[in-house]
Amino acid sequence: MLKVHNLFYRYQSRKAFTLQDVNLTIKPGEMLLLAGRSGCGKSTLIKAISGLLGDGEQGELKGSIILDGEDITLASPEHIGMLVGTVYQSPDDQLFAMTVYDEVAFALENRGFPDAEIKVQVRETLQRVGLEALEHNSIHQLSGGQRQRLALASILVTKPKLLILDEPVSQMNPAGVKEFMDLLVQLNQEAGIAVLMIEHRVNELYQYFSRLAVMRQGTIIYDGAMEKVWSFLAKMEQEEATGIREPQTVKLCKQLGLSEILADKEKVVDLILQERNLESLIEEKLISKATSEQVKLENVQYTYAGMKEPTLPDLSFSLFTHQITALMGFNGAGKSTLLNLLGGLTKPNKGKITLGGIDLKQQLNKIGYLRQEPDLMLLADSVEEELSWKNPGLSAEERISFLEKLHLTEYAKDFPLALSKGQRLRVVLGAMLAKKPQLLLLDEPTTGQDEECLKEIQGLLLDYKRQGGSIFICTHDVELASNIADRVIVLQQGKIVADAEAKNILTNAAILNSSGLSVPPMLTLSEALGIPKCITVEEVSAYVR
Amino acid sequence: MSVRQLWEGSDAASWTQKLTGHTKLIILFSFAVLTITIDNPRSLFILFTTTLLLHVLAKTSLYKWRALAVLLLLSLWGSMFSQALFFAQTPRTPLFVLISPEMQFLGPLTGGLYVYREGILYGAVQGLRSASMMSLGLLVCWTSDPRQLLQALMHWNLPPQTAFMLVTAIRFLPVLAAETGEVITALQLRSDSQNGRSSVIRHLPYIAKPLLARCLRRAQTLALSVISRGFFSASARSLSGKWPGKEKLFCGCLILLTICIVVSKIMYLVSEQGLYIGALRQIYDITKLYL
């Protein structure tokens with residue numbers, strides 16, 4: 001179906017080649033996952049396949065791309081568009097028409113199909129992606145997941161032979177990812193469309209793909225079976241990081257030094273039982289830190305204007321210093337509303353919120369709030385200016401120290417929006433931390449981040465916690481919560497259904513399932529091993545000798 | 001109702017959605033020429049009310065009427081207020097004295113500040129012009145699929161890339177409106193003071209950069225998306241020729257009317273300069289009275 005042969009590409013403005021001797025083959029009906037760090041050349045490769053990189057003024061292109069037996073290396077994007085469909089990360093950026101029907105009909109209209117045929121094909125496609133009931137709805141009335149399905153439908157209607165998806169699930173919660181991937185697999189099996197997907201979240205997607213290609217610095221360094229990639233990655237040095245989020249089972253195999261590195265839970269259990277002995281009881285070293293109440297919510301109620309039922313009917317809880325609290329639950333449970341109340345963006349209709357014993361309204365400048373779209377929080381011309389933005393208390397020495405902590409010293413003078421996604425997030429988080437807030441609120445901070453960035457963020461948050469900070473983090477990422485949260489609050493329809501130590505909640509499959517959260521792989525693995533319930537790789541490792 | 005839905009038009013009456021982009025753009029262009037040409041406040045008011053009537057016929061929803069009312073009132077009030085204070089032409093009749101020339105310090109500094117009757121009228125005329133175009137512009141935004149306008153522009157041989165750039169703004173209006181709110185929130189959150197956490201106005205100067213950066217990225221992705229879906233292909237361009245006869249006839253009449261009004265206005269102005277043609281006296285009269 002697709003054969004990329006010895007492909008090189010250099011942008012006109014750069015000296016080095018962004019793509020260096022890329023070789024990639026995809027067979028008809030095959031599904032391939034392509035992963036790699038931000039800036040490794042994945043997007044450039046997609047552009048090359050889509051015909052968006054010419055050889056001339058834009059840059060230098062060498063090698064060949066054969067699609068369905070035709071050399072498309074220098075073909076026009078319109079021509080390639082007849083064979084290849086591309087779905088981008090954010091559906092908002094690619095939808096063009098006003099209604100669902102018009103959006104799907106768009107490509108067929110452009111190809112001069114008669115109206116009657118367009119109608120039949122659009123309805124058929126909408127049915128395949130489960131949007132048939134929303135045909136006449138505005139695209140702006142759809143949820144994020146529905147918009148991504150619509151973006152997929154607008155491409156599928158052209159019956160492409162190859163479907164390219166550029167991080168399509170990076171902004172979805174686990175339930176949304178599962179729904180989208182099930183749909184994609186179904187389409188692949190029914191229509192035989194070859195799929196090339198780019199994504200960092202290999203830990204969540206590996207079960208859907210039998211083949212993975214890994215890119216680093218413009219070259220494909222691995223292209224083969226999914227189950228063999230883990231051993232390959234394990235041999236790589238730290239500085240050769242690929243940004244791939246590995247499954248926890250793989251991390252466990254590495255940590256225990258098992259003879260094989262596998263992702264499949266059952267196989268890992270068998271391997272541990274074969275190669276290691278288990279401790280039935282270990283002494284838990286609880287390091288308790290003196291905490292004090294930082295934030296207190298008393299009978300807080302919030303109702304949106306025009307709504308009859310309150311989104312948050314009656315909430316009471318406290319947040320403490322030296323503590324990371326994760327807020328979890330279904331979409332629409334009221335998590336963002338609660339964060340907005342704590343961030344002072346909205347005021348409760350009833351009840352009281354205090355910070356350090358004083359009314360929250362008078363303490364707003366002591367709260368740091370990192371919103372879900374960190375790019376919209378970048379306001380200055382350089383990274384160092386971002387840290388000092390509206391922060392007169394930050395000395396030059398502190399700024400330098402922050403840049404070091406954020407691993408951004410070499411980018412101090414760079415334009416923040418030109419940095420990679422992970423670096424941009426670190427800049428905003430750094431700007432928040434530089435103000436030394438008493439309470440730090442974070443809304444889905446790990447969305448679309450690669451493994452290395454994730455580790456750096458975790459490190460920053462743990463460091464802030466050690467200094468006495470209180471963190472309230474809204475996340476669907478169970479792995480993140482397992483790794484850093486001391487406490488978990490689960491919200492359902494505006495009510496707290498569980499509030500306890502992280503381990504107690506994250507080892508309770510019933511609560512996790514009823515709240516739309518995925519069960520941590522280490523939980524099922526520890527149950528299968530017959531050891532006490534664990535949620536992190538480190539905990540399981542402690543029971544294995 | 002979300003901010004996004006406020007700036008998109010899927011809820012408009014179906015007849016307005018069915019009108020081709022050609023017709024909508026010609027109506028918009030004709031109104032633009034007429035509002036510039038006509039000076040008579042009553043005629044301008046009729047033009048303005050016509051745009052409002054079109055909103056009624058297009059079944060503009062209540063929440064959009066509210067937004068429209070705020071924008072129109074701000075535009076009219078701003079224009080009348082500024083002209084009332086700073087009207088420089090003569091004759092001018094002071095209605096109120098805000099700062100007397102004799103007032104200590106401010107008097108000699110400003111030379112006196114008055115509210116002029118002629119300034120209010122002049123401001124009303126200018127305000128009606130901008131309000132009419134704002135009202136009609138929003139109507140086009142609220143009833144048009146970006147594809148319609150693109151097809152019209154391409155039918156008139158505008159380069160596809162230029163046409164795309166012109167129309168992308170309409171597609172992004174709902175998203176841009178929502179993101180503006182997000183950026184203001186971000187600015188509030190990054191403010192160092194208690195007041196800054198709730199103020200909106202003090203943050204306005206800083207909203208352009210993040211919005212612009214996002215827009216550039218969005219526009220690039222959207223362009224890639226429509227290119228790969230064959231928008232600039234030959235068959236897509238041939239589609240742009242669909243323009244129903246009835247609409248063509250209506251547009252022809254409207255263009256003719258606009259040309260007649262412009263020509264009569266030019267002739268009237270020329271007559272004032274001394275080139276008077278007696279046979280056109282009735283046209284001069286109509287022009288003087290209504291235009």
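You're looking at a predicted model, where local features need pLDDT of at least 70, side-chain atom pairs count only at 80 or more, and totals for chains, interfaces and linings use all residues. Residues are numbered from 1 along each chain as its sequence is written, chains are lettered from A in the order written, and side-chain values use heavy atoms, without hydrogens and water.

Now colour strand 19 (residues 487-492) of chain A; five of its six residues are buried (under 20% relative accessible area, 1.4 Å probe, protein chains only). Strands here are DSSP E runs of at least two residues, and helices are H or I runs of at least four; two strands pair if DSSP finds at least two bridges between them. On to strand 20 (residues 495-501) of chain A: six bridges join it, antiparallel, to strand 19, and A:Leu491 stands opposite A:Ile496. Then pick strand 13 (residues 323-328) of chain A, which runs parallel to strand 19 with four bridges; A:Thr325 has A:Arg487 as its bridge partner.

Next, show chain B. The contact (heavy atoms within 4.5 Å) takes 59 residues from chain A and 54 from chain B. Zoom in on A:Arg371, whose side chain meets that of B:Glu182 in a salt bridge at 2.5 Å, N to O (a side-chain nitrogen of Lys or Arg within 4 Å of a carboxyl oxygen of Asp or Glu). The rule finds six salt bridges across this interface.

Notes. Buried < 20%, exposed > 50% of the residue type's maximum accessible area, 1.4 Å probe, protein only.
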